[in-house]
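Keep the structure open beside this text. Each paragraph takes up one part of the chain.

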Amino acid sequence: MGGVYEDSRGTVWSPSSNAVGLLTFANGRIGTVPGVPAGPVEAVTEDAQHDMWIAHRTAGLMRMKPGGRAEVISDRYTFSSKRIATMVADPSDGSLWLGLWTGEVENVVDGQPRARFDLLGQHPRTRVNHIRIQEDGSVWASTRRGISRIKDGRVVELSTGLAPTCEDALWSLRADRRVWILTRCGVAWSDSVDLDARVSSAEDGGRPEARFRLLEPWDGIYRELGLAIIGHTTTPYVFAPKMARTADGRIWATSGDEIVTIDPRRIPFNKLPPPVHVQALVSDGRLFEPQADMRIPPQPRNLRIDYTGLSLKALDRMQFRYRLDGWDKTWQEAGNRRQAFYTDLSPGNYRFQVIAANDSGVWNRVGDTLAFTIEPAWWQRTDLRIGAALVVCLMLFAFYRLRVNRLARMLEAEMASRREIGRLYSDLQDRESRVRRLFNANIIGIFTWHLDGRILDTNEAFARIVGYDTSELVSGRREWKDLMPPEWDPTDDRIMSEMLATGVATPFEAEYIRKDGARVPVLIGAALFDAKPGEGVAFVLDLSERRMAERAARESDRRSHEMERRLADANRVASVGYLSAMIAHEVNQPLSGVMTNASTVLRMLDARPPAGEGIRDVVQRIIRDGNRAAEVIRRLRAMFSGKAPTLAAVDLNDAVREVVDMARKDLEKARIDVRLELDERLPVVNGDRIQLQQVILNLLRNASEAMGGVHDRPRHLLIRTWRETPDSICLAVRDAGVGLPAGDPEKLFDAFYSGTSGGMGIGLFVSRSIIERHQGRLWAESNQDHGLTLVFCLPVERTRNQGEDAARFDVVDPSH
């Protein structure tokens, strides 16, 4: 038998959890229910229309009208879907409240769900033990996490405030001014007014905890270990109901395999409020006894207030609340703790108040108080702060006067400099012609463009790539959009969108349509001008030779030497692509400066009378920007001219600094922090400077790509040089990237192997070839924390002085 239920007609219904199903007892006879199939029945209840509702484990939710047969209303609530654990009818509207084994509560009308409430959320799923409907229409559910109230579509969950092992509420009952619950630890009660207040507090964001009192031996209930406790742990939900109130006011409850009766009128009640006393105040380990005009030294880091209360019955069941006026906004629940802690209190006057309740919940609302003052430090004094504010105001006024005087002197100097404008105009034209020669150096294809498709200017190198004359491109008859292949969709151009958002387009490979209709593969890098929105510059490199080299390299393994040479060329071309966006920035800035300063000079000359003062400074800035642009092109031309290797004395530190300066913009864009640790006493090496710089650049590129996907730690990059032996020097590049590949680390140096999705896989292969041709060696080491270190060592250029000093060199630990 799984329980008993008595309807309004006096018939007793007994659901069973076995195959017997549902039995009735009326007029001294036991019978079955027509229409109810054999099988376990979970729960039975009666609604306001005297219809009986039956929760059958396999058939589902059934209804039986008076004098009729039970019919299945919904097959939704079965063992395989939503198994019902408990059920009660709502007397206000005739609906049903179902507690499910999934920890959910559903409100059902005629078998159709009207509302659903999840009481457990992300916690492990377990059954709803009991549902109770109160006179005000609120629904109370008992679960393994305590009790929950459902009202106006909102759920408020409260823990019982008992020990963690006693949180499982099996049943609840309201009688007079008390709410009773049955837990695994026994019977507990709470004042109904206090419970309602705690629900309201939890709705407003307060602590979601009720305060139930567990009946103990003081109350006449003994909870010794026996069959009752074992029953609670084995069959906590077999019988229903688990609690009931008889007409004489007694509370009856099942306790495992025993029945407990409680007379609430005879529960001992302690009416005496407990006395409360503040004992001491401890500030940073210093004890202060309570006294009048108590003063605490400035800046207390840790402050503790000790208090106590007296109860001659159950000292461990006393409850305390305290509040520090001027700091706490509400009363702080201390439970049975007899200390209050505060940190970093500000200077000022404070009043500490503590109250206590005895084991029956009777509060001493007066409690005890302690007033004290925290002294301010010297810099926290009000008069000192006012004085400091006055000093700051005086300093601001003095700064204002100095600024006005400085602006007056600057205006006077500007007027004097305008007299030099006429004399410097001819120099301006000469500087402008130098910039034009720089543009027409024809190292790589360069053209300026507008977003509307116009080609504003171009050099001969770009015209040769696309097979047009320069005049055809700049005349307006051909737009840069006409050079794009037919499959290019201007409405879905990711690269153009990226450039409009960041000002720079990452170098990318594409194809142009030549004048003769042929396609030419190119590597393009582009950037927008800062001073002229809608206009920009593009750098174009013809990749035809690289494509031919790639095809030739795949033809035969027998041409290994030729493949190595072509891979080196391909790596050099890829390096141009890596630097093209950086070069665009480097050339863009001086060119923009030249154009802006030239426009300034023209405006100064057009003034009436012409303003001659200041033109010298403007023209000097034009000269500076022109030289900067020429230096960028000179470096690019020197590094990628493709000349035969030239052996000479090379200062490895100077080569490192030059490569880092060229790649600094791109490294900063990738948010990489570069640090140099160069041994200034290094001797020179005998080698080709351009090839060694190419190796250094490949190592930087490898480190930058390895840290491209790193977001959980800083992107540090360290470049070190040191003297390994009297006859060799070394260089190491340490990154914080993804580290060595799994398996053989020598795969890093295989041709076409890349650890990143965007790499070509030839940089390290070519770098090792170059180092070995210089009688050196290149290898990789795994870092202890993150990333890897690439190291190469080269023989030094021996001279007489170096031979004499070889015995005095400092050996450096490369793992440092």
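Predicted model: local features only at pLDDT ≥ 70, side-chain atom pairs only at ≥ 80, totals over all residues.

Trp378, Trp379 and Leu384 make a nonpolar surface patch of about 350 Å². Leucine 384 belongs to helix H3, which covers residues 382–417. How accessible is leucine 384? Its relative accessibility is 37%, so leucine 384 counts as partly exposed. The class of partly exposed residues lies between the buried cut-off, under 20%, and the exposed one, over 50%.

Next, find the open sheet. Five strands build it, in the order E26-E32-E31-E28-E29, and their pairing is mixed. Two strands stand at the edges: E26 (294–296) and E29 (332–335). Each of them has a single partner strand, so one side of each is left without a neighbour in the sheet. From one strand to the next, the twist averages 30°.

Now look at one pair inside that order. Strands of a sheet pair through backbone hydrogen bonds, either parallel or antiparallel. Which sense do strand E28 and strand E31 take? Strand E28 (residues 319–325) and strand E31 (residues 348–357) pair in the antiparallel sense. Seven bridges join strands E28 and E31.

Move on to helix H7, residues 494–502. Which residues of helix H7 are buried? They are Ile495, Met496 and Met499. Seen down the axis of H7, these buried residues fall within an arc of 100°, so they line one face of the helix. The other side of H7 carries exposed residues: Arg494, Ala501 and Thr502. View H7 end-on to see the buried face and the exposed residues on the other side.

Arginine 671 has a positive phi of about 60°, although it is not a glycine. Its loop runs between helix H11 (652–669) and strand E39 (673–677). Is arginine 671 buried or exposed? Its relative accessible area is 57%, so arginine 671 is exposed; the cut-off for exposed is over 50%.

Glutamine 775 is the next stop. Glutamine 775 is not a glycine, yet its phi is positive, at about 60°. Where is glutamine 775 found? It is in the loop between helix H13 (763–773) and strand E43 (777–782). With 62% relative accessibility, glutamine 775 counts as exposed.

Technical notes
Residues numbered from 1 in each chain as written. Heavy atoms only, no water. Pairing = 2+ DSSP bridges. Helix = DSSP H or I, 4+ residues; strand = E, 2+ residues; numbered from the N terminus. Axes fitted to C-alpha atoms, helices over the stretch in contact; angles between N-to-C directions. Buried < 20%, exposed > 50% of the residue type's maximum accessible area, 1.4 Å probe, protein only. Patch = residues over 30% accessible without salt bridge, like charges linked within 9 Å, V, L, I, M, F, W, Y side chains within 5 Å. Areas by Shrake-Rupley, 256 points an atom, 1.4 Å probe, with all protein chains shown as cover. Salt bridge = Lys/Arg side-chain N within 4 Å of Asp/Glu carboxyl O. Arc of directions from axis to C-beta.
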